[in-house]
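Trainee: I have a new model open and would like to talk through its features with you. Could we take them one at a time?

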Amino acid sequence: MPTFVAEVKDSKGNLVKEKVAATSQEQARMILQNQYSSVGEIKSVGLNLDLASLTEKMTSVGVKDKSVFSRQFSVMVNAGVAMVRCLGILTDQCTNPKLKKALTGISADVQQGVSLSESMRKYPECFDKLYVSMVEAGEVGGVLDQVLDRLAVLLENMQRLNNQVKSAMAYPMAVGSLAVIVFFAMTIFLIPIFAGIFKDLGTTLPLLTQIMLILSNLFIPDANDWWFWPGFIGTIVGLSTAYKLYYKTPAGHLQIDGFFLKAPLIGDLNQKNAVARFCRIFGTLTRSGVPILNCMDIVRDVAGNKVIEDAIERSKREIQQGGMISLALEREGVFPPLAIQMMSIGEETGELDTMMMKVADFYEDEVEQAVKALTSVIEPLMMVGVAGIVGVILLSMYLPMFAVFDELG
C-alpha cells in the first residue's frame, strides 16, 4: 500500500513527521486528522507508491479471494463485531494488494457513514454487480451475515463448477501440445537425416516421404525461403485478430456464442453450465431479498453467453408486463424442458428460490457427469491422434527402406 509522510502537531504542540499507509492523500489526511490536532502538507514516498501501484496492477481479485473474505466477514458480523472493526481486521490480514486497497477505502467510507454496499460499488474490479446487490439486500433486510454466508457458498460453487470445466479441457490441451511438439521435432530433425541417407544411396523417395521432406524444408527454410516463418506467424496473428474483431461485433458475438451452445461434445456441457449458473445465482439473489427484475439484470450480466443474455433480456421485458418466468424462458428455447418445468412448479408453489437451488444442484451434477463423459471420449481420440501423427512420420521414414531392400533383393 502507498506510504505518505506529513508534518503534524502532537499533543504537546511539537511538530513531528509522521508516516501513514493509505490508498490516497485524502485518506491519509483523514487518518492523521483523527490522531493529531494539525496536519501539514502530505507527500507520497515515491518508491513505495510506484511499487504498490505496479503490484496492484499485476494482481486481480479472484473468486477464491472474495469467497474467503465473505466467509470471514459473515462469521464476524454474526458474532456481533462492529462493521468498522471487521473491515479493519480483514484489511490487515488481506494478502491481495488490490482487495486490500479496496477494503481500506471501504473502511474509511463506512466510518464516514456511507453504507457498505454503496462503498463497494466504487470498486467494481473487486465487487461486481452481483456481490453489491446481495450486500445491499442484506443491509436493507438486516440479515447481512446470512447474505455474506450465501455469497461465500455461491462463490465456492461457481469456483468448483469452473474448475470442473477447466479440468476437462486441461488434458486435451496438454496432449494436443505434446502432439504438436512431437510433430515439429520429428519433421525438423529426423526426416532430413533419413532423407539425406536415402538420397546418397540413389533411392527414389516415396510420395509420402517427399511430402514430409517438403514440410521439413518449409520449417527450416534456406535463404531463398526466408518468407515462410514471417508469413506463417503473420497468418496466425491475422486470423486471431480477425476472430477477435468479428467477436466484438453484435452479429459475430451472437453467432459464435450460439455455436458454442450447439457444438458437438462441448455444446451440451456449455448449456448445462449456463443453466446451473443462472439458477444458482437467481435462487441466491431471490432468497436474499433482491427484487425479481434486478435478479434478471444481474444474471443477464453474468451469463457469459450472448445468446442466453439476449434470451434473459427478452424474458425480463415479458415479466415486466406480468408474465411468468418459466413461460418467458420457455418461449426463448435456450433452457432444457426439465429446468423450465421445475421453475414452473416453484412459481406455482411460491417456493421459486428453493426450486431454483434444486435445479442448480441437479445441473451442477449433470455438468460433473458431462465433464467425465467428455474426458472419457476425448482421451482415446487424442491418443489415436498422437499415434496417427507419429505413425505417419515413421512410415515416411521406413518406406524408403523397403524400396532399398527391394533393390538389393
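Trainee: How far is the sulfur of Cys94 from the closest cysteine sulfur, and in which residue is that sulfur?

Mentor: Happy to start there, and keep in mind that this is a predicted model, where local features need pLDDT of at least 70, side-chain atom pairs count only at pLDDT 80 or more, and totals for chains, interfaces and linings use all residues. Residues are numbered from 1 along each chain as its sequence is written, and side-chain values use heavy atoms, with hydrogens and water left out. A disulfide is a pair of cysteine sulfur atoms within 2.5 Å. The sulfur of Cys94 is too far from its closest counterpart for a bond, at 8.6 Å, and that counterpart sits in Cys126.

Trainee: How many disulfides does the structure hold?

Mentor: Cys126 is in no disulfide, with the sulfur of Cys94 as its nearest cysteine sulfur. For the structure, the number of disulfides is 0.

Trainee: Is Cys126 buried or exposed?

Mentor: Buried means under 20% relative accessible area, exposed over 50%, and partly exposed in between (1.4 Å probe, protein chains only). Cys94 has 13% relative accessibility, so Cys94 counts as buried. Cys126 has a relative accessible area of 1%, so the word for Cys126 is buried.

Trainee: What share of the 409 residues in the protein is buried?

Mentor: The same cut-off of under 20% applies here. Buried residues in the protein come to 39%.

Trainee: Which residue has its backbone oxygen 2.8 Å from a polar atom of the side chain of Thr104?

Mentor: Thr104 belongs to helix 5, residues 97–111; helices (H or I, at least four residues) and strands (E, at least two) are DSSP runs, numbered from the N terminus. Thr104 is buried, at a relative accessible area of 9%. The backbone oxygen 2.8 Å from that side chain's polar atom is from Lys100.

Conventions:
Polar contact = N/O pair within 3.5 Å; in protein donor to acceptor, adjacent residues only side chain to side chain.
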